[in-house]
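Dear colleague,

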Amino acid sequence: MVRAVRTYLDHLGVERGLAANTLTSYKRDLRRYLEYLDGAGVTALDQVSEQTVQGFLMALREGDRDHPPLSASSAGRTVVAVRGFHKFAVRDGLATLDPSASVRPPSPAKRLPKALSLGDVEAILEAAGAPGTVLALRDRALLELLYGTGARISEAVGLDVDDLDLGSAESGGTVLLRGKGGKERIVPVGRFAREAVEAYLTRARPGLVSASSKAATERAGAMFLNARGGRLSRQSAWTVIVRSAERAGVTAEVSPHTMRHSFATHLLEGGADVRVVQELLGHASVTTTQVYTLVTVDSLREVYAAAHPRALS
């Protein structure tokens, strides 16, 4: 089995061209696997069963005297190395069966979306841009639209003016968002976002268009423009969020999805149905959206603990 592992590592290095660091990781993982097999009394590849590989995975997660317990992602990486080794052994005639074929790496724990409090969101919106400038109007419109529609940053910066229907004060507006895989969805636009966008389109965007000598086809359609009149980039939009959070004194971590996460969480906390939020976010599966329900359960638990007379009994 030691020779088989060496042959596999040579294959990865020479034929597959894996990087030195990756090879080192594979070597370390497979050495630990061989140690486990030796301890289990397994001396040949055809003696390894699916239960043997499952037992190795459990040992990785539990740890022992010489090894600390591994996280799901680290254990998963080791299992990937083991699966690759057994698949190679069968293909190269070193074994007759692949006992690892049905063994799946453990799924990493789901990371809960990081949503801001309503107060933090409002502070960021108020702090958008330097007061009185065209960029301030643009930044406020961008942030209001991100929080008001749950759009991804890539969807917002990809908007054209014609994608937005501002409607009226009575009927409200809508925006056409183009999500992953080219899927389109129409999302309502609330009053605050509509007013911010109207202010940007009438008082700021014309100045940004005239500031550029780029082709009219690029700048005429794009909704959000940079200081040179070109389409605002995703990275620049993220910078708008980060700088606005810094000006607002918000210490919570912000990311490209901060406004989107806050949009979804606040809707669910306000009583919105998870399937409605799924449609607004453009998720293909409601399972993806249900991650946000974990956040709202934490909020409900806090309220329950503070308000129910027998919550602490």
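Helices (H or I, at least four residues) and strands (E, at least two) are DSSP runs, numbered from the N terminus. Please note that this is a predicted model, in which local features need pLDDT of at least 70 and side-chain atom pairs count only at pLDDT 80 or more, while totals for chains, interfaces and linings use all residues. Residues are numbered from 1 along each chain as its sequence is written, and side-chain values use heavy atoms, with hydrogens and water left out.

Buried residues in α4 are A72, A75, G76, T78, V79, A81, V82, F85, H86, F88 and A89. Here buried means under 20% relative accessible area, exposed over 50%, and partly exposed in between (1.4 Å probe, protein chains only). The helix itself has 20 residues and spans 28 Å from its first C-alpha to its last, close to the 28 Å expected at 1.5 Å a residue; the expected span is 1.5 Å times one less than the number of residues. Just after α4, G93 adopts a positive phi of about 75°.

**Helix pairs**

Helix α3 (residues 50–62) and helix α4 (residues 72–91) have axes that come within 9 Å and cross at roughly 155°. Axes are lines fitted to C-alpha atoms, for helices over the stretch in contact, and angles run from 0 to 180 degrees between N-to-C directions. The two helices, α3 and α4, are therefore roughly antiparallel to each other (angles under 35 degrees count as roughly parallel, over 145 as roughly antiparallel, 65 to 115 as roughly perpendicular and the rest as oblique). The crossing of α3 and α4 is right-handed; a crossing is left-handed if the near helix is turned anticlockwise from the far one by less than a right angle, and right-handed if clockwise. On the α3 side the contact is made by V53, F56, L57, L60 and R61, and on the α4 side by A72, A75, T78, V79, V82 and H86. Contact means heavy atoms within 4.5 Å. By class, the residues of this contact of α3 with α4 divide into 8 nonpolar, 2 polar and 1 charged, where Ala, Val, Leu, Ile, Met, Phe, Trp, Tyr, Cys and Pro count as nonpolar, Asp, Glu, Lys and Arg as charged, and the others, Gly among them, as polar.

α1 and α2 pack at an angle of about 165°, their axes being 11 Å apart. This pair, α1 and α2, is therefore roughly antiparallel, and its crossing is right-handed. V2, V5, Y8, L9, L12 and G13 of α1 meet L23, Y26, K27, L30 and L34 of α2. The contact of α1 with α2 has 9 nonpolar, 1 polar and 1 charged residues.

Helix α5 (residues 118–126) packs with helix α6 (residues 134–149) at an angle of about 155°, with the axes 9 Å apart. That makes α5 roughly antiparallel to α6. The contact involves L118, V121, I124, L125 and E126 of α5, together with R140, L143, E144 and Y147 of α6. Its residues comprise 6 nonpolar, no polar and 3 charged.

**Individual residues**

H11 lies in helix α1 and is buried, with a relative accessible area of 10%. Not counting residues up to four places away in sequence, H11 touches R16, F88 and R91.

L159 is found in the loop between α7 (153–157) and β1 (164–168). At 1% relative accessibility, L159 counts as buried. Leaving aside neighbours within four places in sequence, L159 is in contact with L145, V175, L176, L177, G221, A222, M223, F224 and R231. The C-alpha atoms of L159 and L176 are 8.1 Å apart, although 17 residues separate them along the chain.

W238, in helix α11 (residues 234–248), counts as partly exposed at 29% relative accessibility. Beyond residues up to four places away in sequence, W238 touches I153, V254, S255 and P256.

**The protein overall**

The secondary structure comes to 15 helices and 3 strands. Of the 313 residues, 40% count as buried. Among contacts with a separation of 6 or more, residues 24 or more positions apart account for 58%.

Yours sincerely
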